[in-house]
Amino acid sequence: MLRHDERTAHVGIPDDVVIRRSARRRRSLQARREGGVIVVTVPASLTTAECERLVPGLVSRLRKREAGGRRRGDLDLERVAARLADELAPDLALRARLSSVSWSSRQNRRWGSCTTTTGEIRLSTRLKAMPDWVVDYVLFHELLHLAEANHTPRFHELMRRYPKHDLAKGFLHGVAHTLASDDASGSRPVELDDDRDDSLF
Ligand SMILES: [Zn+2]
């Protein structure tokens, strides 16, 4: 594998942070803890300036997460959406199409929805009890609908950019399964969103 570690030599990047360039990573950045250091994997093509712009925020979010699990409020969602758009899909201009992200307590059969005509995303408040990486998965799904309205093969391919894709998908399948078996009325299980032009999941 074409990989090498780069220590320091970056303005504003702390020295317990290792930048790892990966030829396999095309667009997204990822930070994770490896013992005493934080390893940030970046696309091999990322410039030093881009590193210096993107890495500090990623690292401070990881440190905050490590410091203790906070639950997100409404305001946090828009910030998370902007971060997901920047880190996973800078090529899709998602931020320009997004107008708002909010929690909704009225979505009982969907985890999220996206109105592509207005750029409004809503997430079910039931996601609040789930880990952040599951909420982010749904949020990224809804964000992608701003670029690809339906669940096309391209949509699913773009979705694969989400680092914990399979894990989060499995998590939601498990929750939906439990909800369906708890539901004596036998109604249909919760789905991510509907495959209609104006909404998802
Ligand atoms: Zn969808």
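**Close-up views of a predicted model**

**View 1. Helix H4 and its buried residues.** The buried residues of H4 are Asp 132, Val 134, Val 135, Asp 136, Tyr 137, Val 138, Leu 139, Phe 140, His 141, Glu 142, Leu 143 and Leu 144. The model shown here and in the other views is predicted. Because 12 of the 13 residues of H4 are buried, this helix is largely enclosed by the rest of the structure. Helix H4 covers residues 132–144, and at 1.5 Å a residue it should span 18 Å; its end C-alpha atoms are 18 Å apart, in agreement with that expectation.

**View 2. Aromatic pairs involving helix H4.** The structure holds 3 aromatic pairs. In one of them, the ring centres of Trp 133 and Phe 171 lie 5.7 Å apart and the ring planes meet at 80°, so the pair is classed as edge-to-face. This pair links distant parts of the chain, since Trp 133 belongs to helix H4 and Phe 171 to helix H6 (residues 165–182), 38 residues apart. Trp 133 is partly exposed at 25% relative accessibility, and Phe 171 is also partly exposed, at 29%. Ring pairs also join Tyr 137, Phe 140 and Tyr 162 into a cluster.

View 3. Side chains of opposite charge can pair when their charged atoms come close. The whole structure contains 8 salt bridges. One of them joins Asp 76 to Arg 79, with the closest N and O atoms 2.6 Å apart. The two residues are 3 residues apart in helix H2, which means that about one helical turn separates them. An α-helix has 3.6 residues a turn, so residues three or four places apart point the same way. Arg 79 is exposed, with a relative accessibility of 58%.

View 4. Ala 93 lies in the loop between helix H2 (74–88) and helix H3 (94–97). Its phi angle is near 55°, a positive value in a residue other than glycine. Ala 93 is partly exposed, with a relative accessible area of 41%. The side chains of Arg 95 and Asp 86 form a salt bridge, 2.8 Å from N to O. Arg 95 is partly exposed at 47%, as is Asp 86 at 32%.

**View 5. The salt bridge of Glu 148 and Arg 154.** The side chains of Glu 148 and Arg 154 meet at 2.6 Å, N to O. Glu 148 is buried, with a relative accessible area of 15%, whereas Arg 154 is partly exposed, at 39%.

**View 6. Two buried cysteines.** Cys 51 is buried at 0% relative accessibility, and Cys 114 is likewise buried at 0%. A search of the whole structure finds 0 disulfides.

Note on methods. Residues numbered from 1 in each chain as written. Predicted model: local features only at pLDDT ≥ 70, side-chain atom pairs only at ≥ 80, totals over all residues. Heavy atoms only, no water. Helix = DSSP H or I, 4+ residues; strand = E, 2+ residues; numbered from the N terminus. Expected span 1.5 Å × (residues − 1). Buried < 20%, exposed > 50% of the residue type's maximum accessible area, 1.4 Å probe, protein only. Phe/Tyr/Trp six-rings, centres within 6.5 Å; stacked < 30°, edge-to-face > 60°. Disulfide = S-S within 2.5 Å. Salt bridge = Lys/Arg side-chain N within 4 Å of Asp/Glu carboxyl O.
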